[in-house]
Amino acid sequence: MGGVRETEKKHPPPSRAERKKVQGESKALLKGEKAKYRGVFGTIITIVQNEGPRNLYNGLLAGLHRQMCFASVRIGLYDTMKRFYAQESESPGLGARLLAGSTTGAMAVVFAQPTDVVKVRFQAQIHQPENGYVKRYSSTTDAYRSIARDEGLRGLWKGCLLNIARNAIVNCSELVTYDIIKEEILKSKLMTDNMPCHFTAAVAAGFCTTVVASPVDVVKTRFMNSVPGQYGGAMNCALTMLLKEGPSAFYKGFMPSFLRLGSWNIVMFVSYEQIQRAVVRFQPPWEPRFRTV
């Protein structure tokens with residue numbers, strides 16, 4: 001339990017957007033001390049120089065696990081829940097859309113929380129023996145096993161309530177914003193219902209989501225990456241950040257988060273629209289056709 005467990009308590013800074021979010025977690029930066037990770041490209045260069053290019057993809061497998069689990073629930077069930085809350089109305093209102101986004105977002109977290117915990121933990125580790133830091137987990141599978149063994153099943157669902165709040169906000173922001181912006185673009189006839197329209201609405205949805213969800217996202221990352229007992233809860237984590245680092249701490253890693261969410265939204269919505277059209281195209285004429293978002 002000595003070597004690895006002791007070094008875990010030193011909280012090595014995480015990678016990419018996650019590293020920006022937890023920078024300053026262990027202690028506030030001293031006056032005049034420069035932050036290790038400065039800006040998007042500065043963070044990328046620092047990681048490449050200190051750890052090698054491969055570490056830019058640290059936690060990729062855990063991230064894929066997360067996206068497959070989350071996306072299948074929160075996106076796949078959105079239209080169904082929207083129609084349910086709208087009572088089969090032809091034009092669902094904002095309330096029905098918000099309820100649908102919150103419901104599917106919460107359902108996705110309950111189902112897939114362990115994948116998010118492992119993703120955050122895996123991205124947060126680095127390998128710098130000369131500085132006393134070592135990897136906590138040798139692989140994604142080892143991360144699942146180690147967390148379950150050392151912290152119990154509760155460890156795999158650590159920060160679940162906080163993540164439900166975060167994912168409900170993100171889901172509403174992404175899906176509802178995309179829905180409304182696309183609708184307004186088509187109503188005003190600025191574009192037709194094609195790929196440029198989907199691309200524009202996806203970028204706008206990504207920006208709105210980052211602005212709204214960033215504070216919850218940063219607190220979630222800090223709390224899920226903390227060792228047992230470091231914070232009394234999610235609210236204590238947020239209060240500690242506010243007192244030690246100020247309000248700007250809640251928007252650490254904003255640009256990398258926007259680049260991640262923006263690019264994810266582009267891929268997700270453009271692919272979704274194209275797949276949905278392909279399904280409609282090849283659907284037998286006697287079956288009821290899908291409606292586009």
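**Figure 1. Surroundings of Ser 173 in the predicted model.** Setting aside neighbours within four places in sequence, Ser 173 is in contact with Tyr 178, Ala 205, Thr 209 and Val 212. The structure shown here and in the following views is a predicted model. Ser 173 belongs to helix α9. Its relative accessibility is 9%, so Ser 173 counts as buried, the limit for this class being under 20%.

**Figure 2. The salt bridge between Lys 82 and Asp 179.** Side chains of opposite charge can pair when their charged atoms come close. In the salt bridge of Lys 82 with Asp 179, the closest N and O atoms are 3.0 Å apart. Lys 82 is in helix α5 and Asp 179 is in helix α9; the pair links distant parts of the chain, 97 residues apart. Both Lys 82 and Asp 179 are buried. The model has a count of twelve salt bridges.

**Figure 3. The salt bridge between Arg 97 and Glu 183.** The closest N and O atoms of this salt bridge, formed by Arg 97 and Glu 183, are 2.7 Å apart. Because Arg 97 lies in helix α6 (residues 94-124) and Glu 183 in helix α9, the pair ties together parts that are 86 residues apart in sequence. With a relative accessible area of 6%, Arg 97 is buried, whereas Glu 183, at 29% relative accessibility, counts as partly exposed.

Figure 4. Asp 193 and Lys 182 form a salt bridge in which the closest N and O atoms are 3.8 Å apart. Asp 193 is located in the loop between α9 and α10, and Lys 182 in helix α9, so this pair ties together parts that are eleven residues apart in sequence. Asp 193 has a relative accessible area of 27% and is therefore partly exposed. Lys 182 has a relative accessible area of 2% and is therefore buried. Salt bridges with shared partners join Asp 79, Lys 82, Arg 97, Asp 179 and Glu 183 into one network.

**Figure 5. A polar contact between Glu 245 and Lys 252.** The side chains of Glu 245 and Lys 252 are joined by a polar contact of 2.9 Å. Glu 245 is part of helix α11 (residues 234-245). The relative accessibility of Glu 245 is 18%, so this residue counts as buried.

Figure 6. Leu 60, Leu 61, Leu 64 and Met 68 make a nonpolar surface patch of about 400 Å². One of these residues, Leu 60, lies in helix α4 (residues 60-74). Leu 60 counts as partly exposed because its relative accessibility is 47%.

Note on methods:
Residues are numbered from 1 along each chain as its sequence is written. This is a predicted model: local features need pLDDT of at least 70, side-chain atom pairs count only at pLDDT 80 or more; totals for chains, interfaces and linings use all residues. Side-chain values use heavy atoms; hydrogens and water are left out. Patches are made of residues with over 30% relative accessible area and no salt bridge: like charges are joined within 9 Å, nonpolar side chains (Val, Leu, Ile, Met, Phe, Trp, Tyr) within 5 Å. Accessible areas come from the Shrake-Rupley method with a 1.4 Å probe; for residues, only the protein chains shown count as cover. A salt bridge is a side-chain nitrogen of Lys or Arg within 4 Å of a carboxyl oxygen of Asp or Glu. Helices (H or I, at least four residues) and strands (E, at least two) are DSSP runs, numbered from the N terminus. Buried means under 20% relative accessible area, exposed over 50%, partly exposed in between (1.4 Å probe, protein chains only). A polar contact is a pair of N or O atoms within 3.5 Å; within protein, one must be able to donate a hydrogen and the other to accept it, and residues adjacent in sequence count only if both atoms are side-chain atoms. Contact means heavy atoms within 4.5 Å.
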